[in-house]
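Please look over the structure shown below, which is a predicted model, and read the notes that follow alongside it.

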Amino acid sequence: MSRTTREINRITTTIISMSVRLLFYALVFFLLYEGITRGYSLGHEVFSPTAVAVAPGTDKEFTIRNGESLSEVAEELEKSGLINNKLIFIIQAKFFDYEVYPGTYTLNTSMTSRDMMKAIDESGIERKKAAESSAAASTSSGSSGESGTAGSSAENNGSDESGETTGENGASR
C-alpha cells in the first residue's frame, strides 16, 4: 500500500469513528430527554391530576362489585369516561394508600382521579364503620341481660376502674 492510501484510510477511519461517537451521544441525549420528559409528565399526572372534563361535568353512577380488584375498577372507570389513564389511577391508589370498597358511587367527569379515589375510600370506610358498629350493637343488645342495658364490668364485679374491690358505699376494702 502506498503512503497516500494509508493516509486516506487513517482519515476515513477517524471520520467514521467520530461519526459513530456523535450518533451514539445523540442517541443517549435523545433517550435521556425522552425519559425525563415522560417521567415528568407521569409525575405531574400522579401528583397533580387533571379532570376529564371542566366543571360542571357530568354525573355518572359507578358500581364497584364485591371482590373487584383495583385494576378492574380502574379499567371500568376508564371505559366509563371518568378517568383518562388507568395506570395513573392505580399508581395514585397505591402511592396514597387508597382502597376500593364495593358500592354504588355518584362520580362526576369534572372530578380528578384522586378526588374519585378519596370519595370511594372515605365512603367505603364510613360504610365499613357503620356495618361494624351495627354488628357490635346487635351483639351487645343480644347479651345485655333482662334489663335491656349492659352494665360496665366495674359495676358488675363490684370493682372500680383501678381494679380495687369496693363495698356498697364505694369505700375500698
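## Salt bridges within and between helices

Lys79 and Glu75 are four residues apart in helix α2, so about one helical turn separates them, and the two form a salt bridge in which the closest N and O atoms are 3.5 Å apart. Lys79 counts as exposed because its relative accessibility is 61%, whereas Glu75, at 32%, counts as partly exposed. In this predicted model, the side chain of Glu75 also meets that of Lys86 in a salt bridge, with an N to O distance of 3.9 Å. Since Lys86 lies in helix α3 and Glu75 in helix α2, this pair ties together parts that are eleven residues apart in sequence. Lys86 is partly exposed, with a relative accessible area of 33%, and Glu75, Lys79 and Lys86 are thus linked in a network of salt bridges.

The structure holds five salt bridges, and another of them joins Glu7 to Arg10, whose closest N and O atoms are 2.4 Å apart. Both residues lie in helix α1, three residues apart, or about one turn of the helix. Glu7 is partly exposed at 35% relative accessible area, and Arg10 is likewise partly exposed at 49%.

## The nonpolar core

The largest nonpolar core has 19 residues, and those with the most contacts inside it are Phe62, Leu77, Phe89, Leu107 and Met116. Two or more residues each are given to this core by β1, α2, α3, β2 and α4, with the largest share, four residues, coming from α2. Beyond its sequence neighbours up to four places away, Phe62 touches several residues, including Val73, Leu77, Leu82, Tyr105 and Leu107.

Asn108 is found in strand β2 and is buried, because its relative accessible area of 12% falls under 20%. A polar atom of the Asn108 side chain lies 3.1 Å from the backbone oxygen of Pro56, and a polar atom of this side chain lies 2.8 Å from the backbone nitrogen of Ser110. Residues touched by Asn108, when those up to four places away in sequence are not counted, include Pro56, Gly57, Thr58 and Met116.

Pro56 is placed in the loop between α1 and β1, and a cis peptide bond with omega of about 10° joins Ala55 to Pro56.

## A positive phi at Asp97

Most residues other than glycine have a negative phi, and most peptide bonds are trans. Asp97, although not a glycine, has a positive phi of about 60°. Asp97 lies in the loop between α3 and β2 and, at 62% relative accessibility, counts as exposed.

Technical notes:
Residues are numbered from 1 along each chain as its sequence is written. This is a predicted model: local features need pLDDT of at least 70, side-chain atom pairs count only at pLDDT 80 or more; totals for chains, interfaces and linings use all residues. Side-chain values use heavy atoms; hydrogens and water are left out. Buried means under 20% relative accessible area, exposed over 50%, partly exposed in between (1.4 Å probe, protein chains only). A polar contact is a pair of N or O atoms within 3.5 Å; within protein, one must be able to donate a hydrogen and the other to accept it, and residues adjacent in sequence count only if both atoms are side-chain atoms. Contact means heavy atoms within 4.5 Å. A nonpolar core is a set of buried Ala, Val, Leu, Ile, Met, Phe, Trp, Tyr and Cys residues joined through side-chain atoms within 4.5 Å. A salt bridge is a side-chain nitrogen of Lys or Arg within 4 Å of a carboxyl oxygen of Asp or Glu.
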